[in-house]
Amino acid sequence: MAQFDLPVDQLRDYRPQIAEPEDFDAFWAATLAETRAYDLDAVFEPVCTGLTGVRTWDVTFAGFGGHPIKGWFTAPADAAGPLPLVVQYQGYNSGRSLPHTWGLWPLAGCAHFIMDTRGQGGGAHVGDTPDPVGSGPSHAGFMTRGIEEPGTYYYRRVFADAVRAVEAARSHPLADPARTVVLGGSQGGGIALAAGGLVPDLSGVAVDVPFLCHFERSLVLTDSRPYGEISAYLSAHRGKEQRALRTLSYVDGVTFAARGRAPALFSVGLMDTVCPPSTVFAAYNAYGGDKFIEVYPFNGHEGGGVFQQAAQLHWVAELLGERERMPCPVGGTP
C-alpha cells in the first residue's frame, strides 16, 4: 500500500465543485418534518452488563417513518448529571454491538449514546434494528438500496435516524443537551457530518476517515467496497449513472460539511483506498466551522486508531470545559 492520491500540499487546498441540488435544504427540512411527525417515544431500559463503573440502558426511539431504532446509552456509575454527551455512529455493516463494548466515553466522564444503524450489523459488530424498507440485519449491500430516487434512498432514512438519535440521547436526565458532540469513523464519520449539518446547536463534530463524501471522485478513484457496490450496480445498469449521481448528491458529506458550524476534528489516512484522502479533504476544506485535521501519512482506512481516540478525548474535554476533570493536562501524559 502506498500514497496514491494527490500530494498532501495539494490535498490541503483541494476544493472541488460539488453538484449540490437546488432543493437540498428543502429536501432535508421536509425529511425531518416527516420524521418528527412521529413521537420520539424514547424508552430507556436499564440493563446489567457486569461492569461496576458504568451504567447502561437499552434504548429504543422512533426514527424515520416512526420505525423503532435501537441504541445503548451509558454513563459513569456514580454520575448525577448533567453530563457532556457524546453521540456516536457506527462504520459500514456494523451495529450497536453488545452493551459492555462502550466504556471509553463514560470512563472519561461523559454520557455516551451509540446508535444502531438500521439494517446493518452483519459484520464486525452485531445489530438489532431492521430496516422495514429493506431487510433485517444483513451482510453489506446498502449502497444501492433505493438509489434511483432521493426519496427512497437508504441513507435518507439513516441520516434522519441520526438526528433523532441526538434528540433521544438528549432526553435522558443525565445528558446535558447544551454540551453535545457527535462522532464516528468511516460510515459513522459520514453520518456525523450529516448530523453536523442538520442539527444546528451541536458543540462539536469529530469525523474520522469519513465515508459518503465526494461521490463523483470516489467512484472513479477506488473500486474498494463499499463504493465498489455502486460501481458494480452501474456496470450492470448501464445508462443510470446520472440518475444515481443525482440521488447521491442529496447525501454527500461535502455538502453537509459546508453547513456545519460546530468546531470539528477530522482525521485522514493518506494510504486509505476505502475513503480516498482527496474525498476526506474535500469535506474538511468545505467545512463551515472551526476545524482541525489529524493526518496519518502511513495509514490506510484504520486511520489513527487508538492514537486518534486519545486526540479525541483531549479535544472533547477542552471543547466542553471538562479539562480540569482529566487526570493529566491536555497534551500531557498520565
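Mentor: Asp 208 stands opposite Ser 267 in β8. Bear in mind that this is a predicted model.

Trainee: Which way do β7 and β8 pair, parallel or antiparallel?

Mentor: Parallel, over four bridges, with β7 covering residues 204–208.

Trainee: And how many bridges are there between β8 and β9?

Mentor: Six, again in the parallel sense; β9 is residues 291–296. Within that pairing, Val 268 has Val 295 as its bridge partner. To get from β8 to β9 the chain passes through helix α10, residues 277–286, and this β-α-β crossover is right-handed.

Trainee: Why is β8 described as largely enclosed?

Mentor: Because six of its six residues, 264–269, are buried. Ala 264, Phe 266 and Val 268 cover one side, while Leu 265, Ser 267 and Gly 269 cover the other, and all of these are buried.

Trainee: What about α10, mostly covered or mostly open?

Mentor: Mostly covered, as nine of its ten residues are buried. Among them are Pro 277, Ser 278, Phe 281 and Tyr 284.

Trainee: What do those buried residues pack against?

Mentor: They pack against α1, α5, α6, α9, β8 and β9.

Trainee: Which side chains does the Asp 5 side chain make polar contacts with?

Mentor: One is that of Arg 217, at 2.9 Å. Another is the side chain of Ser 278, at 2.7 Å. Leaving out residues up to four places away in sequence, Asp 5 touches Arg 217, Leu 221, Pro 276, Pro 277 and Ser 278.

Trainee: On to the cores. Which residues touch the most other members in the largest nonpolar core?

Mentor: Phe 73, Tyr 89, Tyr 155 and Phe 159, out of 82 residues in that core. Helix α4, residues 154–170, gives the most to this core, with eleven residues. Apart from it lies another core of ten residues, including Trp 105, Leu 183, Leu 265 and Leu 320.

Trainee: What about the backbone? Where is there a cis peptide bond?

Mentor: Between Arg 225 and Pro 226, with omega about 15°. Pro 226 is in the loop between α6 and α7.

Trainee: And which residues other than glycine have a positive phi?

Mentor: Ser 186 is one of them, with phi near 60°. His 214 is another, at about 50°. Most residues other than glycine have a negative phi.

Trainee: Last one. Where does pLDDT stay under 50?

Mentor: Over residues 329–334, for which the model has seven contacts beyond four places in sequence. The chain averages a pLDDT of 93, and 94% of the residues score at least 70.

Notes: Residues are numbered from 1 along each chain as its sequence is written. This is a predicted model: local features need pLDDT of at least 70, side-chain atom pairs count only at pLDDT 80 or more; totals for chains, interfaces and linings use all residues. Side-chain values use heavy atoms; hydrogens and water are left out. Buried means under 20% relative accessible area, exposed over 50%, partly exposed in between (1.4 Å probe, protein chains only). Helices (H or I, at least four residues) and strands (E, at least two) are DSSP runs, numbered from the N terminus. Two strands pair if DSSP finds at least two bridges between them. A crossover is right-handed if, with the strands pointing away from the viewer, the path from the first strand over the helix to the second runs clockwise. A polar contact is a pair of N or O atoms within 3.5 Å; within protein, one must be able to donate a hydrogen and the other to accept it, and residues adjacent in sequence count only if both atoms are side-chain atoms. Contact means heavy atoms within 4.5 Å. pLDDT is the predictor's confidence in each residue, from 0 to 100. A nonpolar core is a set of buried Ala, Val, Leu, Ile, Met, Phe, Trp, Tyr and Cys residues joined through side-chain atoms within 4.5 Å.
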